[in-house]
Amino acid sequence: WSMPAKAISEPFHIVNITASDKPVRYVITPIAPAGKPFPTFMLMFDDDTDVEDIMRNIEQNESVDSVTLLATVGIGMVYFDSKKITAEDAMKYLMDFPGVQLVEADPPL
């Protein structure tokens with residue numbers, strides 16, 4: 001047997017109004033697009049490096065909010081405070097960090 005799925009696209013509004021012979025007028029007000037989100041940085045490391053030590057040292061930076069190490073795949077995630085550092089400076093900081101082989105920003109710079 002199967003289960004049917006019902007999906008509604010968002011945003012949506014359900015409105016009740018009384019019946020009327022007046023024409024319907026839709027007023028659509030555009031909003032300013034959201035700014036580009038601050039990237040999350042993904043790191044890959046040189047062979048034969050102490051990845052946990054590198055991540056601990058990166059986490060000591062006052063601009064870093066948090067770090068996550070995906071140890072089984074050898075990838076580090078670094079989350080910065082966008083009020084304390086620019087995305088470009090964060091990228092440069094990580095690229096110049098000893099033992100870091102590759103830095104990728106998501107979304108890209």
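## A buried loop residue

A residue is called buried when its relative accessible area is under 20% and exposed when it is over 50%, with partly exposed in between (1.4 Å probe, protein chains only). S63 has 6% relative accessibility and therefore counts as buried. This is a predicted model, in which local features need pLDDT of at least 70 and side-chain atom pairs count only at pLDDT 80 or more, while totals for chains, interfaces and linings use all residues. Residues are numbered from 1 along each chain as its sequence is written, and side-chain values use heavy atoms, with hydrogens and water left out.

S63 sits in the loop that links helix 1 (51–59) to strand 2 (64–70). Helices (H or I, at least four residues) and strands (E, at least two) are DSSP runs, numbered from the N terminus. Apart from neighbours within four places in sequence, S63 has contacts (heavy atoms within 4.5 Å) with F80, D81, K84 and I85.

## Strand 1 and its partners

Two strands pair if DSSP finds at least two bridges between them. Strand 1 (40–45) runs antiparallel to strand 4 (residues 100–106), with six bridges joining them. Strand 1 also pairs with strand 3 (residues 75–80), again in the antiparallel sense, over four bridges.

## An exposed tyrosine

Y26 belongs to the segment before strand 1. Its relative accessibility is 73%, so Y26 counts as exposed.
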